[in-house]
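Good morning, and thank you for coming.

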Amino acid sequence: MMTAQSAFAQPAPASPAKTSTSAAEQELITLSKDKWQWMAERNVEALDRLFADEAVFVHMGGTMTKRQELDVIKGGMIQYKEAQIQEVSVRFVGTTAILLNRIRLVAVVGGNEVVNPFNVTEVYVKLDGAWKLAALSFTRLMTP
């Protein structure tokens, strides 16, 4: 009689507690902070350099291309006033980095100031030696 061993029954290997941030993680955390500042300043030139040409942006009201996102920022249809970063983490998958932010975002949308708590997922890819933002997605939290 044959038996199969389940991978689910195997105990997970212990991993040491992480106590410090690597240079690559810190580079991405700084780049993300800079991005929030550039968005608040409507610095579309810096954002244009940061955003990959194929980038996608997922907001509560829809999905945008790089050009659409830059036009919205430049035209002030969404004015990012302040992103208060409460938590941040970075994970790497090969030459891709996934940065997760928990933020409190103060913005002006349609002429009205709004404050929303979000989890923001930022996906960065390394292209020609530089990090490029490939995707940015806002998930509104139910907590204040």
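Predicted model: local features only at pLDDT ≥ 70, side-chain atom pairs only at ≥ 80, totals over all residues.

Helix α1 covers residues 23-41, and at 1.5 Å a residue its 19 residues should span 27 Å; the C-alpha atoms at its ends are 27 Å apart, so the two values agree. The expected span here is 1.5 Å times one less than the number of residues in the helix. Helices (H or I, at least four residues) and strands (E, at least two) are DSSP runs, numbered from the N terminus.

Residues are numbered from 1 along each chain as its sequence is written, and side-chain values use heavy atoms, with hydrogens and water left out.

Which residues of α1 are buried? They are Glu25, Leu28, Ile29, Leu31, Ser32, Lys35, Trp36 and Met39. Seen down the axis of α1, these buried residues fall within an arc of 160°, so they line one face of the helix. That arc is taken from the directions from the helix axis to the C-beta atoms. Buried means under 20% relative accessible area, exposed means over 50%, and partly exposed lies in between (1.4 Å probe, protein chains only).

What covers the buried residues of α1? The cover includes the helices α2 (44-50) and α3 (66-75), together with β3 (78-93), β4 (96-109), β5 (112-127) and β6 (130-140). Contact here means heavy atoms within 4.5 Å. Just after α1, arginine 42 takes a positive phi of about 60°.

I turn now to charge. Side chains of opposite charge can pair when their charged atoms come close. A salt bridge is counted when a side-chain nitrogen of Lys or Arg is within 4 Å of a carboxyl oxygen of Asp or Glu, and by this rule there are six salt bridges.

In one of them, aspartate 48 pairs with lysine 66, with the closest N and O atoms 3.0 Å apart. Aspartate 48 lies in helix α2 and lysine 66 in helix α3, so the pair ties together parts that are 18 residues apart in sequence. Aspartate 48 is partly exposed, at 31% relative accessible area, whereas lysine 66 is buried, at 7%.

Glutamate 87 and arginine 102 also meet in a salt bridge, at 2.9 Å from N to O. Glutamate 87 belongs to strand β3 and arginine 102 to strand β4, so this pair ties together parts 15 residues apart in sequence.
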